[in-house]
Amino acid sequence: DDRLPTVAGKLAFLQSQHSDQFWPGLLEKAYAKLHGSYEALKYGTLLDGLADLTGGITESISIRQDPTTCGRMLTKLLEMTSLITCTVQSSLQQVRNQVEKLANGIQIGTNYRLYAIERVETFNGEPVQVVRLRNPLGVVGGEYVGAWSRDSTEWDEIPPQEKERLAVRHMADGEFWISYSDFVKTFTHLEAVHLDSDTSRDEPSLHNKQTWQMRLYQGAWQRGVSAGGCRNNPDTFHINPQLHLILSEMEEVIISLNQHSIMEPKVIGFTGYSLPKNSLESIGKAFFKKNKSLVNSQYTNSRQVSHRCQLEQGGYLVLPTTFEPGQESSFTLRVYSSKPLKLKLMDTQPSLVKCAIIKAPATLEGKSFTQYEAVFLQLADEHRTVNAFELQELLDACLPNDYIKSCACMEVCRQVVLTLDNTGSGRLKLGDFKDLMCSLKYWQTAFKNHTKEKTGILKAERLKDALLEVGFQLSTDVLSILVLRYMRKDGTLRFGDFVSAILHLSVAFNVFESKDPLQNGNIKLTLAEWLKSTLMC
């Protein structure tokens, strides 16, 4: 597809002012198709472009905030597989057609590639630090005319062998040297792209550099499952993806979070904590209420958020989040270090903590249950059993209000029969009905404990904790299926949905346990057994 949009015979978007070359327009079109439209490109930044075209992560560093620390950081970055640029960011908001320049010829808003920092001595023995830069526009971008520029008198003050070492007479178009003191006065920001062994392979200038060690995790924020929002939401923050970062020694690392929402970007960021030893499964909300965070990125609607931090040897917990809970997007989190590291998802192994079905005591006292028993016997057959249709009538007559009666629908009644009937007859005895009524009371208490704002409505983000209280410890994948099955349009569940989820899980765990008497954690099923088991669930 090499057709380019035009207006009045001229290219509508990117075009070359000084030649008839079309590759910039074709590259821009390919980029627009990648992101969905030309309109999507207006939301991007230069750092987004650098990340997309190189496959690395980007980092913006303020030069003037701490020039000494910036110098040390530059020295280290030049040893690594990083592409380093520097720029002068304008405080003016409007975009002007004419490129602005400083008095020394440096263009505002242009990213100059930074290749090296060198130390030279003048004939007087005075040390001078100089920085080698290149304007990507070459001679078209204009010449730097400050101290240590081409043919400046400063070069006459150093020995010829030093000039030869710095290749002053053999610089490419757009290349020049500038003193470090003038560099920090002129430029406002470093904008670097860090590349790992795969992404740095095709850049010749990085072949002799030390390679960044990189680990990544690709995941998603799913409403009701893993979209818990930032730390301002203490009841749901813990459901965000929890990543275990392990460092073999003390090291400065760069953590970068990239969201895949282009047209409707979310406000994103991440938080890190020191992780207690021997923590293998996901951490509950009590941990986050008691412990202070160690690492906090900024929250922004940029495509990518990066944060540099010094960490001791050991384990850390990193939670990538959206700012608001319930917002959905896929994301990639990457950690870069000069030393070996590990990154893995912490999740919970599914298990039955306790039986969710409550067995009724031998003697159930109370006027209400005597009435239930009377209605049961009225609807029961000669064997004193009821089917799903009769159970629906029974529950409709016995349950006290609409809030509880939401579990009296036919679908739930059928599931109750499948769960409590051990004979395969499709009918329940009076004892089964008593167990159901005791269980409903128990489940209602758990449901209420997690419906703070509005009785009768459970936010999907709290389903995991509510099910844990009943007795089910679930992994993210299992919870995701339950949420897709039961969550309503408004992101909530009613009591009937909660009961149905409990019944489905009860059958699933019972089927597995019956096929795994030795508790090996795996079972074998024939096709017929598989079909029977799945249809019961």
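Me: In which helix is the place of leucine 531?

Reply: Leucine 531 belongs to helix H16, residues 527-536. Helices (H or I, at least four residues) and strands (E, at least two) are DSSP runs, numbered from the N terminus. The model is a predicted one, in which local features need pLDDT of at least 70 and side-chain atom pairs count only at pLDDT 80 or more, while totals for chains, interfaces and linings use all residues. Residues are numbered from 1 along each chain as its sequence is written, and side-chain values use heavy atoms, with hydrogens and water left out.

Me: Why does leucine 531 count as partly exposed?

Reply: Buried means under 20% relative accessible area, exposed means over 50%, and partly exposed lies in between (1.4 Å probe, protein chains only). Leucine 531 has 43% relative accessibility, and therefore counts as partly exposed.

Me: Which residues make the nonpolar surface patch?

Reply: Leu525, Leu527, Trp530, Leu531 and Leu535 make this patch of about 550 Å². Patches consist of residues with over 30% relative accessible area and no salt bridge; like charges are joined within 9 Å, and nonpolar side chains (Val, Leu, Ile, Met, Phe, Trp, Tyr) within 5 Å. Accessible areas come from the Shrake-Rupley method with a 1.4 Å probe, and for residues only the protein chains shown count as cover.

Me: Why is glutamine 415 called buried?

Reply: Its relative accessible area is 7%, and therefore glutamine 415 is buried. Glutamine 415 is found in helix H11. Leaving out residues up to four places away in sequence, glutamine 415 touches Leu503, His504, Val507, Met536 and Cys537; contact means heavy atoms within 4.5 Å.

Me: What makes a set of residues a nonpolar core?

Reply: The members are buried Ala, Val, Leu, Ile, Met, Phe, Trp, Tyr and Cys residues joined through side-chain atoms within 4.5 Å. The largest nonpolar core has 54 residues, and Phe498 is one of those with the most contacts inside it. Elements that give two or more residues to this core include helix H12 (430-449) and helix H15 (495-515). Apart from this core lies another, of 30 residues, among them Leu74 and Tyr336. In soluble globular proteins, nonpolar side chains tend to be buried together.

Me: What makes the pair of arginine 308 and glutamate 59 a salt bridge?

Reply: A salt bridge is a side-chain nitrogen of Lys or Arg within 4 Å of a carboxyl oxygen of Asp or Glu. For arginine 308 and glutamate 59 the N to O distance is 2.8 Å, and therefore the pair meets the definition. Arginine 308 lies in strand S14 and glutamate 59 in strand S3, 249 residues apart. By this rule the count comes to 21 salt bridges.

Me: Why are arginine 308 and glutamate 59 called buried?

Reply: The relative accessible area is 17% for arginine 308 and 7% for glutamate 59, and therefore both fall under the 20% limit.

Me: How do you know whether aspartate 435 and lysine 359 are buried or exposed?

Reply: Aspartate 435, with a relative accessible area of 8%, is buried, whereas lysine 359, at 63% relative accessibility, counts as exposed. Their side chains meet in a salt bridge (3.4 Å, N to O).

Me: Why is asparagine 135 called buried?

Reply: Asparagine 135 has a relative accessible area of 1%, and therefore is buried. UniProt, in an unreviewed entry, lists Asn135 for "active site"; UniProt positions are given in the numbering used here, feature names are shortened, and annotations may be inferred rather than shown by experiment.
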